[in-house]
Amino acid sequence: MKKVITLLFLVTFGFVNAQEAFKGKGDIKVNVGANLQDGGSGIQGSVDFGLGENFSFGFVANYILGFDNFNGFYHGSSSAYYDAEPDFSDRFDAKARINANLSSVIGVKELDVYPGLSLGLHNFGGHVGGRYFFTDGFGVFTEIGFPIAKYGSNNDPFYHLNNQATFSLGASFNL
């Protein structure tokens with residue numbers, strides 16, 4: 001019972017003391033969290049710079065730490081893979097991105113919902129995310145990313161890493 005009361009207190013305190021999620025020009029947001037996708041999971045870091053009331057640009061990087069090794073033949077290849085692991089270029093992705101920050105549009109200043117587009121090492125894609133700030137400097141974020149156009153050929157078993165739908169969640173900081 002004490003845990004339930006403590007949790008309710010913390011949630012109530014967080015909502016009562018919530019701060020503005022996106023202020024516009026000059027705003028800097030940093031996100032750090034987990035990146036989850038089919039065949040692997042890792043870390044994600046991003047930074048967004050406010051350019052106007054509802055517009056920002058930024059950068060995001062993902063690195064896959066845990067992954068599924070591959071055994072067998074891939075796409076009818078004559079050579080077999082035995083306990084194959086992805087190399088650095090399969091595990092790492094970096095993107096430049098633009099966002100439409102909609103907190104003032106939806107009328108909830110504590111919640112920043114941001115759809116956007118990104119151009120990265122593996123694909124051209126889109127994302128939809130949200131940030132909620134409990135204090136002026138700390139909040140949480142979640143984001144879903146998806147490829148629109150993929151680069152390269154599908155010729156190795158790890159082509160899909162960082163080149164598919166991803167889900168991220170973690171902490172957000174206001175600088």
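1. Two strands count as paired if DSSP finds at least two bridges between them. That rule applies to strand 7 (residues 111-120) and strand 8, which pair in the antiparallel sense over 9 bridges. One of the bridges involves Ser118, whose partner in strand 8 is Gly125. With 2 residues between them, strand 7 and strand 8 form a hairpin. The model discussed here is a predicted one.

2. On the overall make-up, the chain contains 3 helices and 10 strands. Their order along the sequence is α-β-β-β-β-β-α-β-α-β-β-β-β. Of the 175 residues in the chain, 38% count as buried. The chain exposes about 9,500 Å², and carbon and sulfur atoms supply 68% of that area. Among contacts between residues at least 6 apart in sequence, 58% join residues at least 24 apart.

3. A closed barrel of 8 strands runs in the order 1-2-3-6-7-8-9-10, with antiparallel pairing. From one strand to the next, the twist averages 25°. In general, strands of a sheet pair through backbone hydrogen bonds, either parallel or antiparallel.

4. Strand 7 also has a partner in strand 6 (residues 92-100): the two run antiparallel and are joined by 5 bridges. Lys95 has Gly120 of strand 7 as its bridge partner.

5. Strand 8 pairs with strand 9 (residues 138-150) as well, in the antiparallel sense and over 11 bridges. Here His127 has Gly145 of strand 9 as its bridge partner. A hairpin through 4 residues joins strand 8 to strand 9.

6. Is strand 8 enclosed or open? Strand 8 is largely enclosed by the rest of the structure, because 9 of its 11 residues are buried. Tyr132 is found in this strand, which spans residues 123-133. Tyr132 has 14% relative accessibility and counts as buried, since the cut-off for buried is under 20%. The C-alpha atoms of Tyr132 and Leu111 are separated by 4.7 Å, although the two are 21 residues apart along the chain.

7. The structure holds 6 aromatic pairs. One of them is formed by Tyr63 and Phe88: this pair is tilted, at 5.8 Å centre to centre and with 40° between the planes. Tyr63 lies in strand 3 (residues 55-67) and Phe88 in helix 2 (residues 88-91), so the pair ties together parts that are 25 residues apart in sequence. Tyr63 is partly exposed, with a relative accessible area of 24%, while Phe88 is exposed, with 53%.

8. A further tilted pair consists of Phe138 and Phe173, with ring centres 5.9 Å apart and planes at 55°. Because Phe138 lies in strand 9 and Phe173 in strand 10 (residues 166-174), this pair ties together parts that are 35 residues apart in sequence. Phe138 is partly exposed, with a relative accessible area of 37%. Phe173 counts as partly exposed too, at 33% relative accessibility.

9. Phe49, Phe57 and Phe59 are linked by ring pairs into a cluster.

10. Charged groups over rings are the last topic. Which ring does the charged end of Arg131 sit over? The charged end of Arg131 sits over the ring of Tyr114, 4.4 Å from its centre. Elsewhere, Lys29 lies over the face of Phe133, at 4.5 Å from the ring centre.

Methods
Residues are numbered from 1 along each chain as its sequence is written. This is a predicted model: local features need pLDDT of at least 70, side-chain atom pairs count only at pLDDT 80 or more; totals for chains, interfaces and linings use all residues. Side-chain values use heavy atoms; hydrogens and water are left out. Buried means under 20% relative accessible area, exposed over 50%, partly exposed in between (1.4 Å probe, protein chains only). Axes are lines fitted to C-alpha atoms, for helices over the stretch in contact, and angles run from 0 to 180 degrees between N-to-C directions. Contact means heavy atoms within 4.5 Å. Accessible areas come from the Shrake-Rupley method with a 1.4 Å probe; for residues, only the protein chains shown count as cover. Rings of Phe, Tyr and Trp (its six-membered ring) pair if their centres lie within 6.5 Å; planes under 30 degrees apart count as stacked, over 60 as edge-to-face and the rest as tilted. A charge sits over a ring if NZ of Lys or CZ of Arg is within 6 Å of the ring centre and within 35 degrees of the ring normal.
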